[in-house]
Each structure stands twice: as structure tokens, then as C-alpha cells.
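Here is a short note for a colleague opening this structure. The points go from the cores to the rings and then to the chain as a whole.

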Amino acid sequence: MRILLLEDEVMLREAIKEYLESWGEIVTSVGDGAACQEVMRRESFDLYLFDINVPIVDGFDLLAELKEQRCQAPVIFITAMTEIEEITRAYELGCAEYIKKPFKLPELKLRIDHLFKLLGQANVSRVRLGARTLFDRRERELYIDSELVPLTRRHRDILALLVSRIGHVVSLHRFRLEVWGRDDIDDATIRAEINRLRKLLVEDVIHNIKGIGYKIERY
């Protein structure tokens, strides 16, 4: 899981990062709101851990920006702010969890695990294809940087087939039968349509396996 951590207390930031990485998470950490804003505009994450009272841009404004971008990833606030008005504002803005400082690191991990267990059914259809690219298998929708990318029906079919066989090569013959539904479609037509789809992607997600077909690697 990719996590963006915003915490201005250096020792706490390093402790959280080290602890979560010991569990196999990929953590990008920053110490002020401006740096956080720059990173989250450039990359997408599975979870955001924000302190609220940080320099330059506070956690409330960062959460509001994520919601404006229609970001689906949850945000957990980790903060020393304990007034009911602040907690109410956090939840009204759309945070998923609010953890009061001080807390023990195992508690943070428990809260994260519990949150994703609760969200599991809602997110099970979503497959991350790259740092910025996500595909919803149920809705057959493509998101880049949390923004919905319009697709033709053919492109939806191509992506759905590749994702259903993620980590494996899909042959041109299989594209012919499952996407076009005909066995008289030539290879050049299939390759041209896949190349048009690849141009919509900002990451090199679909790989051409020469002489065999195409493949999406497990991210």
C-alpha cells in the first residue's frame, strides 16, 4: 500500500514511516503542507495520513483539495487537536478516521487495518495498475490521478480482459475472440486499437510481448 504521511514533528514522522515500512508499506513522508500539496498533485496514494496543524497549508485544506479532486483514497488525521469543533469539521470534510496524539504505533496500524477491512467490499473491484493509474473492474472505469478517463466500449473491453489476466500475457487470438467477438480480425487492427488506448495512459502500463500479445504486470 502506498501512503502519504504529513507530520511536522521530525522524530514522530520518522518513527511512523519506519514502523509502517516494517510492515511492507511504501511511505512518502513530508513535513509541511506545501510539500504535501506538491506530492499529492503529482502522485496518487492508497492512504493519506495528515497532521492538521502543520506549516503553510493545514490538513483541513489538504483534505478539502483531495475531495475536490474526487480522490477515493481514505484520509486519517493524526493530531493533537481535540476540540469537538475540530473533530466535527474533520468528519464533515470527509476524513475516514481521527486519531488523537499521543498514540502508540501499533494502535495506528490497528486503525489502518480496521479501516481497510471496512472499506474492503467497496474497494475490492478496484485494481491499481500503476502509481497514478487505477481500474475499476466492476464499473469498467479508468482513473488517472483519481480523475475518471473517458473510454470507448472497445477500450473498456481491452482493459477488462488485461486486468482479468493481470500478470499473464493475453494473446492476440484471445483479444480477437473476447473483445472483437470475431476470428477474422487481423493483428494490425488489434495492435492499432491497443496503441490508441496506451496513448491515453500516462504510465507504461500495457506491455507489448513481441510476437505473443500484451500484458499488464501486477503493481
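1. A nonpolar core is a set of buried Ala, Val, Leu, Ile, Met, Phe, Trp, Tyr and Cys residues joined through side-chain atoms within 4.5 Å. Buried means under 20% relative accessible area, exposed over 50%, and partly exposed in between (1.4 Å probe, protein chains only). The model is predicted: local features need pLDDT of at least 70, side-chain atom pairs count only at pLDDT 80 or more, and totals for chains, interfaces and linings use all residues. Residues are numbered from 1 along each chain as its sequence is written, and side-chain values use heavy atoms, with hydrogens and water left out.

2. The largest nonpolar core has 27 residues. Leu129, Leu159, Phe175, Ile206 and Ile216 touch the most other members. Two or more residues each come from β8 (141-144), α6 (153-164), α7, α8 (187-200) and β12. Helices (H or I, at least four residues) and strands (E, at least two) are DSSP runs, numbered from the N terminus. The most comes from α6, with five residues.

3. Take Leu159 as an example. Leaving aside residues up to four places away in sequence, Leu159 touches Leu129, Phe135, Leu142, Leu151, Leu197, Ile206 and Ile216. Contact here means heavy atoms within 4.5 Å.

4. A second, separate core holds 25 residues. Leu4, Leu63, Ile87 and Cys95 are among them.

5. Now the rings. Rings of Phe, Tyr and Trp (its six-membered ring) pair if their centres lie within 6.5 Å; planes under 30 degrees apart count as stacked, over 60 as edge-to-face and the rest as tilted. The whole structure has six aromatic pairs. One of them, Tyr91 with Tyr98, is tilted, at 6.5 Å centre to centre and 35 degrees between the planes. Tyr91 is partly exposed at 39%, whereas Tyr98 is buried at 6%.

6. Phe175 and Tyr214 pair edge-to-face, because their planes stand at 75 degrees, with centres 6.3 Å apart. Phe175 lies in helix α7 (residues 172-180) and Tyr214 in strand β12 (residues 213-216), so the pair ties together parts 39 residues apart in sequence. Both residues are buried.

7. Phe45, Tyr48 and Phe50 form a cluster through ring pairs. Arg2 lies over the face of Phe45, 4.6 Å from the ring centre. The charged end of Lys109 sits over the ring of Trp23, 4.3 Å from its centre. The test requires NZ of Lys or CZ of Arg within 6 Å of the ring centre and within 35 degrees of the ring normal.

8. Overall, the chain has eight helices and twelve strands. Of its 219 residues, 44% are buried.
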